[in-house]
Structures are given as C-alpha cells and as structure tokens.
Amino acid sequence: TPELLLCFVYGAAVEAPSVASLHAAREEFSNGLGDGPMTITFVAQSRGVQRCSPEDRDFVEEELFVAGRGTLRYRQKLGQFSNPNPYVAVSTVEWLLEVVRGAVNTVDGTPSTDLLELYCGAGSHTVALAPLFRHVLAVEINRHLVDAAKHNVVANGLHNVSVLRAPSEKFCQRLIRQRSYMEEGSKMELHFTCTIVDPPRAGLDDLTREAVSNYEHVMYISCNPEALRRDLEGLLATHDVH
C-alpha cells in the first residue's frame with residue numbers, strides 16, 4: 001500500500017493544531033484523493049511539540065525489491081536521514097552485494113567473516129548485507145536512527161546483527177591496530193576483514209580513517225566527492241582503489 005506523510009511546521013508564534021484537528025484534516029484530505037488505498041499520516045510541529053494523526057505514527061514503512069535478496073522492509077522516521085530516491089538506494093545495495101560476493105571468504109558456502117559498518121543510519125545497507133556475513137556490527141551515533149535500525153533488523157528476520165550507539169571516532173579508538181571486537185555480554189569475538197562506511201558530508205575523521213585502513217576490504221559510500229577524494233588519498237597508502 002502506498003504511504004504518504006505530510007509534515008506541517010509552524011513558526012514560534014503559532015501553536016500546532018490539536019490531534020482532533022489533524023484527524024479531521026487528514027480525513028478530508030484522504031477523501032479528496034479518491035478510492036485508491038493509501039496510508040496517510042499528518043504531522044504538525046511547533047515550539048518543540050509534535051502531534052500526529054494517526055497518533056504516535058511519524059514514519060513511513062518502505063519496501064524495496066533488491067535482486068538476490070528479495071523484498072526488504074524499512075521504517076523511515078520523519079526527520080532522519082535516508083535516501084529519498086528508491087532507485088538509487090536499490091542500485092547502491094545491489095552494487096554492495098556484488099562487491100561483497102566477490103570479496104568475502106566463505107567456508108563451504110557459509111560466511112566465515114564479520115562486517116563492521118560505520119554510520120549505519122537506519123540500517124539500509126545492514127539489512128541487505130547481513131546474510132553474507134557471520135555477524136554484522138553496525139555503529140551509529142543518532143539514537144533515533146539506532147532505534148530505526150534495530151526495528152528494521154527485526155522486521156527483516158535477521159538474527160546476526162548488533163546495532164551499537166556510539167560516535168565513529170570514539171568507537172574506532174578501541175579498534176586502532178585491531179581486527180577483532182568482543183561484544184559486551186557475549187562470548188562471541190568478532191573478526192573483521194571487511195568494513196563499510198557511509199559518512200556524512202565531512203567524510204571520515206582521522207581516527208576512523210586510520211582504523212578502517214587496517215581492514216582488507218573497505219567499501220565507501222559517499223555524498224561528497226571532495227571528502228571522498230581526501231579520504232581515498234589517505235587509503236591509497238594501504239589499499240588499491242576499484
């Protein structure tokens with residue numbers, strides 16, 4: 001079912017409408033669209049207050065078909081970063097799957113290595129790549145995105161993913177010159193040969209760049225060509241770029 005979320009942002013001098021008013025406006029809007037099924041959400045924000053219709057629903061549920069993985073399900077929360085172009089999102093994931101299938105070691109067809117993912121966001125790449133690894137450790141600083149990533153992991157029936165809330169720089173301080181990580185409360189030690197990074201426009205900080213340079217395979221998703229060029233220049237000392 002198609003979904004549509006409309007957010008109304010009011011200035012400080014205007015109070016957000018009541019939930020009852022939002023319900024009425026959403027109902028009128030829905031009736032004007034015709035008979036086609038669609039999930040419609042109205043959100044109003046003002047003075048730090050957010051009201052939703054339906055109540056407590058400030059997200060859309062997205063389904064993407066990825067070759068080799070089937071239909072993947074994502075919850076995209078209002079105000080949090082995600083790729084708004086589903087075609088680019090699918091193409092990116094399919095490229096990552098192709099790269100990983102050609103690079104990751106397996107034992108009798110079973111994944112034998114672990115993946116470290118930095119800046120995982122809501123888990124768009126995590127969910128797609130998880131079956132190709134023994135275990136995935138996904139790291140993200142934003143608590144709302146961490147919650148969304150955990151939801152998406154469960155929604156896609158994955159049991160080999162851990163989502164950790166931490167700044168990349170602080171987390172990588174623990175990984176400099178290391179390839180393994182012992183999860184808190186677990187006896188399983190993770191051994192990383194592969195990492196994927198999808199940093200903000202500023203690119204990688206110095207500690208993160210140093211940490212990922214220790215891994216055999218680095219997959220880099222970039223939204224800023226200048227930051228990408230700078231980071232690749234640093235990685236050329238240890239890696240070939242493809």
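**Entry 1: Ser 213**

I began with Ser 213, which is in contact (heavy atoms within 4.5 Å) with Leu 235, Thr 238 and His 239, once its neighbours within four places in sequence are left aside. This is a predicted model, in which local features need pLDDT of at least 70 and side-chain atom pairs count only at pLDDT 80 or more, while totals for chains, interfaces and linings use all residues. Residues are numbered from 1 along each chain as its sequence is written, and side-chain values use heavy atoms, with hydrogens and water left out.

I placed Ser 213 in the loop between H6 and E13. Helices (H or I, at least four residues) and strands (E, at least two) are DSSP runs, numbered from the N terminus. Is Ser 213 buried or exposed? Ser 213 counts as buried because its relative accessibility is 19%. Buried means under 20% relative accessible area, exposed over 50%, and partly exposed in between (1.4 Å probe, protein chains only).

**Entry 2: Helix H7**

Leu 235, a contact of Ser 213, took me to helix H7, residues 225-235. I listed the buried residues of H7 as Ala 227, Asp 231 and Leu 235. Why do they share a side of H7? They sit on the same side because they cover an arc of only 75° around the axis, taken from the directions of the C-beta atoms. An α-helix has 3.6 residues a turn, so residues three or four places apart point the same way.

I then looked at the face turned away from the buried side of H7. It carries the exposed residues Pro 225 and Glu 226. Next I checked what covers the buried residues of H7. The cover includes helix H6 (206-212) and strand E13 (217-220).

**Entry 3: The second largest pocket**

E13 and H7 came up again here. I noted a volume of about 500 Å³ for the second largest pocket. H2, E13 and H7 are the elements that give two or more residues to its lining. Which element gives the most? E13 does, with four residues. The lining has 16 residues, and Val 218, Met 219, Asp 240, Val 241 and His 242 lie nearest the centre of this pocket.

By class, I read 11 nonpolar, three polar and two charged residues in this lining. Ala, Val, Leu, Ile, Met, Phe, Trp, Tyr, Cys and Pro count as nonpolar, Asp, Glu, Lys and Arg as charged, the others, Gly among them, as polar.

**Entry 4: The largest pocket**

I moved on to the largest pocket, with about 680 Å³ of space. A pocket is an open set of points on a 1 Å grid over the protein atoms alone, where a 1.4 Å probe fits, with protein on both sides within 12 Å along at least five of seven lines; lining residues have an atom within 4 Å of a point. Volume is the space filled by probe spheres set on the points.

How many residues line the largest pocket? I found 36, of which Phe 81, Ser 82, Asn 83, His 125 and Asp 198 lie nearest its centre. At least two lining residues each come from strand E4 (59-66), strand E5 (70-77), helix H2 (86-103), helix H3 (124-129) and strand E9 (135-140). H2 supplies the largest share, six residues. The lining holds 20 nonpolar, 11 polar and five charged residues.

**Entry 5: Leu 145**

I found it among the contacts of Leu 145, with Gln 80, Gly 121, Ala 122 and Glu 140, leaving aside neighbours within four places in sequence. Leu 145 belongs to helix H4, residues 143-155. Leu 145 is buried, at a relative accessible area of 9%. I also looked up its C-alpha separation from Thr 71, 74 residues apart along the chain, and read 21 Å.

I searched the loops next. Ser 53 and Pro 54 are joined by a cis peptide bond, with omega about 0°. Pro 54 lies in the loop between strand E3 (49-53) and E4.

Arg 47 has phi near 55°, and it lies in the loop between strand E2 (39-46) and E3. Tyr 119 has phi of about 60°, in the loop between strand E8 (114-118) and H3. Which side of the cut-offs does each fall on? Arg 47 counts as exposed, at 54% relative accessibility. Tyr 119 counts as buried, at 18%.

**Entry 6: The whole chain**

I ended with the overall picture. The protein chain has seven helices and 13 strands. Its C-alpha trace spans about 60 × 40 × 40 Å along the principal axes. Of its 242 residues, 40% are buried. Among contacts between residues at least 6 apart in sequence, 62% join residues at least 24 apart.
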